[in-house]
Amino acid sequence: MAETDKDDLVSLMQDDDIDTEIPGELPLLPVRDVVIFTDMLLPLFIGREKSVAAMESAVEGSKLLFLATQKDPTIENPDPDEIYLVGTVGKILRMLKLPDGRLKALVQGVSKAKILKYTRKRTSYRVKIKLIKEKSTKKISLESEALMRNVREQCEKILALRGEMTGEVGTILDNIDEPGKLADLVASNLRLKTEDAQTLLELADPVGRLIKINEFLSKEVELSAVQAKIQSDVRDEISKSQRDYYLREQVRAIHKELGESDEKTNESDEYSKKIIQAKMPKDIEKESLKQLKRLQMMHTDSSEASIARTYLDWLVEMPWSKSTRDFINIKSAQETLDKDHYGLDKIKDRILEYLSVRKLNSKMKGPILCFVGPPGVGKTSLGQAIAKAMKRKFVRISLGGLRDEAEIRGHRRTYIGALPGRIIQGLKQCGTNNPVFMMDEIDKVGSDYRGDPSSALLEALDPEQNFAFSDHYLNLPFDLSKVMFILTANLTDTIPSALFDRMEIINIPGYTEEEKRVIAETYLLSRQIKENGLKSSRSLSISLGAMNTIITEYTSEAGLRNLERELGTICRKVARRKAEGGKGSVSITRSNLKKYLGVPKFMPEMDQEESQIGLSTGLAWTQVGGEVLYVEASLLPGKGELIITGQLGEVMQESARAALSYARANIESMNIVKDFFENHDIHIHVPAGAIPKDGPSAGIAIATALISAITETPVSKDVAMTGEITLRGRVLPIGGLKEKSLGALRAGIRTIIIPEKNIKDLPEISKNVKRKIEFIPVGQMDKVLSIAMGEFKKKSGKKGRQVSKNENTGG
């Protein structure tokens, strides 16, 4: 409605001699989104009741009506204050009633006027008006002439950029010699905002109006130039694409005519075959065909085509329906496990239970087994043995140090170099959707600003969710419910609780010396002989005594890694001897062992050559298994200060304070003078000060060392102890008894004091360990003292403990 075409401009000039006798009162017709200027010819569609009534009233009368723009075009029935006061008197040239009751009228602006008063408001608006006379421009100044010429030129530029410039339009512009009429003509054809157009209409000065129009034209020229450039660029790009498409179609037709097929067609056909062969689920196959269709429409060398091609490669190579058939023979599986692993009866039983249930119910959801134990005990090799027993593929990934969630879920395809997550990559590499999938070091997964991988693992591992695991790269559901996930960890403390709750924990504590000897003779030695190029086992033999010495004096671990390294060292020296021309087999005995391995690295039984005052032996549970922990206590002249060293954590420091409080509370039973603690400082130290230590299980060991120093009673070097102490002397239960007992056995300990409530854990300890170590359960601290310090009661009964200021007692 705001524009007129070139025919309207011609009609405007031809109807210039319209009768302009205008009454002082006229019907008012509010118009929306357009401001009507003098001499402007405009078709109107009228549908509002008041507007229809005003139009009919004007037709019955002088065929003149007042046209004013309403301020808000969204208002259906504007009030007088919502209509601009300045408008244009218009003459109705034609009017037609439409079937829907609306009116179509052709009106032409006659003269500007201003509303003085509303004389009718109900059925239709009727107003008193006052005509606005423009300033006379009988003589046009040089400046006005230049301004008019500039306006004409800018109009022609705009029309030329739009492709609408004709000779007829140029003639119309040249024939207008009044600034006001030129301004109104241009304003009526510019795409001005309603507010700007109304401002122009209200300007009574023709030259001022023309100056304003010139400003609008300058802006419009710039906009039209940019728009024309954009359209030209788009047109060129479309033309190039059409040309390339046309040429490609010609090449395709030529190849077809010659009986050849082009590379793109071959690629599309190959992908189509692969999609069918992959036997995807219907919704995934539909998406694959959609991506293939997109690829066919792309240019072969475009970056988008490369991304689509890589995505299709992943889709067709994923094992959507490829599974290995489970070979479940329980006896055969047991033989396989026994062949590859010595001992570990509890773990083997759990694996055979799973296989038995799997045999009876092939649709069971895969469990999440988590093997927890120190390094080198065979956690990873157990997973390989399970896959071997089930005849399944084996996939292993390491999660140690993983911090980016995208390593599990994959990257979005919008990123450069995007790839699926490690799980999807592993399944693609193995080529089946039901492998044994091992994730090592689950306890060493981290998190940072890139996300939390352990939370992403929940969806992948949980049997209730992983039937539709969505990788960010594929962005399609993949069924992981057939995968048997096995996780490994050294500790469970750092595993997130939500993930820990979904796993079945199987502890692998470590091996005894006898178990290590059997494993070394059966598995490790033969493997190292083979790996180091020795032709047969006859070329090297290790005596029983030498093997025991290697285990006890050259290694100190729960697992077998260092033991295998020492055996590898022997094999390498024998291999060198063979390479230098030596003949005959080599026999390793205790007497010549140092020649091959050097001096012993560990002398555990020599740590305490004799029982000492203020020195007790505790037991610790670490990532590498159980270890002995020595606690020292010394007395110094002072003011009752407690000194704690050895990098002890908060819990161990609290155990030391509890031990001191117990000793002070029982001062009378130990026959110690009352002011003893006020005159002495107590120093408690746990050696290996560079290693952080923490935990409550050293409580009774600290108390024993402290009371030993106070009473000058030595602690038996053959007794180790573990348990938490309370202020009243009760001994509370601890964890990791099996691992601690193995550590004590490696250190030559033959007696272990344990809390009474840990008796339930003794069946878990192997018979071999219980045969060599005596476990003594206790419930109170006084019983611990009587066992660890046999002479305690006799000595403390004979005399009270008094120390001079210059005396320093303890270990």
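**Close-up views of a predicted model**

**Figure 1. Lys-740 is a buried lysine without a salt bridge.** In this predicted model, Lys-740 is buried yet forms no salt bridge, and the nearest side chain of opposite charge, that of Glu-739, is 8.2 Å away. A salt bridge requires a side-chain nitrogen of Lys or Arg within 4 Å of a carboxyl oxygen of Asp or Glu. Lys-740 belongs to helix 24, which covers residues 737-746. Beyond the residues up to four places away in sequence, Lys-740 touches Leu-619, Ala-620, Trp-621, Gly-626, Ser-697, Thr-722, Ile-734 and Gly-735.

**Figure 2. Leu-487 is a buried residue of strand 12.** The strand comprises residues 484-489. Leu-487 counts as buried because its relative accessibility is 0%. When neighbours within four places in sequence are left aside, the contacts of Leu-487 are Ile-368, Leu-369, Cys-370, Phe-371, Met-439, Ile-442, Leu-461 and Met-503. Thr-199, by contrast, is 77 Å from Leu-487 in space, C-alpha to C-alpha, and 288 residues from Leu-487 in sequence.

**Figure 3. A salt bridge joins Arg-32 and Glu-76.** The structure holds 25 salt bridges. In the one shown here, the side chains of Arg-32 and Glu-76 meet with an N to O distance of 3.5 Å. The pair links distant parts of the chain, 44 residues apart. Arg-32 is located in the loop between strand 1 (25-31) and strand 2 (41-46), whereas Glu-76 is located in the loop between strand 3 (64-69) and strand 4 (86-97). Arg-32 is partly exposed, with a relative accessible area of 27%; Glu-76 is also partly exposed, at 42%.

**Figure 4. A salt bridge joins Glu-764 and Lys-346.** The side chains of these two residues meet at 3.7 Å, N to O. Glu-764 is partly exposed, with a relative accessible area of 42%, while Lys-346 is exposed, with a value of 57%.

**Figure 5. Lys-444 and Glu-441 form a salt bridge.** The closest N and O atoms of this pair are 2.8 Å apart. Both partners are partly exposed: Lys-444 has a relative accessible area of 33%, and Glu-441 has a relative accessibility of 26%.

**Figure 6. Glu-405, Arg-409 and Glu-459 are linked in a network of salt bridges.**

**Figure 7. Four residues gather in a patch of positive charge on the surface.** The members of the patch are Lys-535, Arg-577, Lys-578 and Lys-595. Among them, Lys-595 lies in helix 21, residues 593-597. Lys-595 counts as exposed because its relative accessibility is 67%, and the term exposed applies over 50%.

**Figure 8. Val-226, Ile-230 and Val-234 form a nonpolar patch on the surface.** Together, the three residues have about 260 Å² of accessible area. One of them, Val-234, lies in helix 7, which spans residues 206-257. Val-234 is partly exposed, with a relative accessible area of 43%.

Note on methods:
Residues numbered from 1 in each chain as written. Predicted model: local features only at pLDDT ≥ 70, side-chain atom pairs only at ≥ 80, totals over all residues. Heavy atoms only, no water. Patch = residues over 30% accessible without salt bridge, like charges linked within 9 Å, V, L, I, M, F, W, Y side chains within 5 Å. Areas by Shrake-Rupley, 256 points an atom, 1.4 Å probe, with all protein chains shown as cover. Lys, Arg positive; Asp, Glu negative; His and termini not counted. Charge placed at Lys NZ, Arg CZ, Asp CG, Glu CD. Helix = DSSP H or I, 4+ residues; strand = E, 2+ residues; numbered from the N terminus. Buried < 20%, exposed > 50% of the residue type's maximum accessible area, 1.4 Å probe, protein only. Contact = heavy atoms within 4.5 Å.
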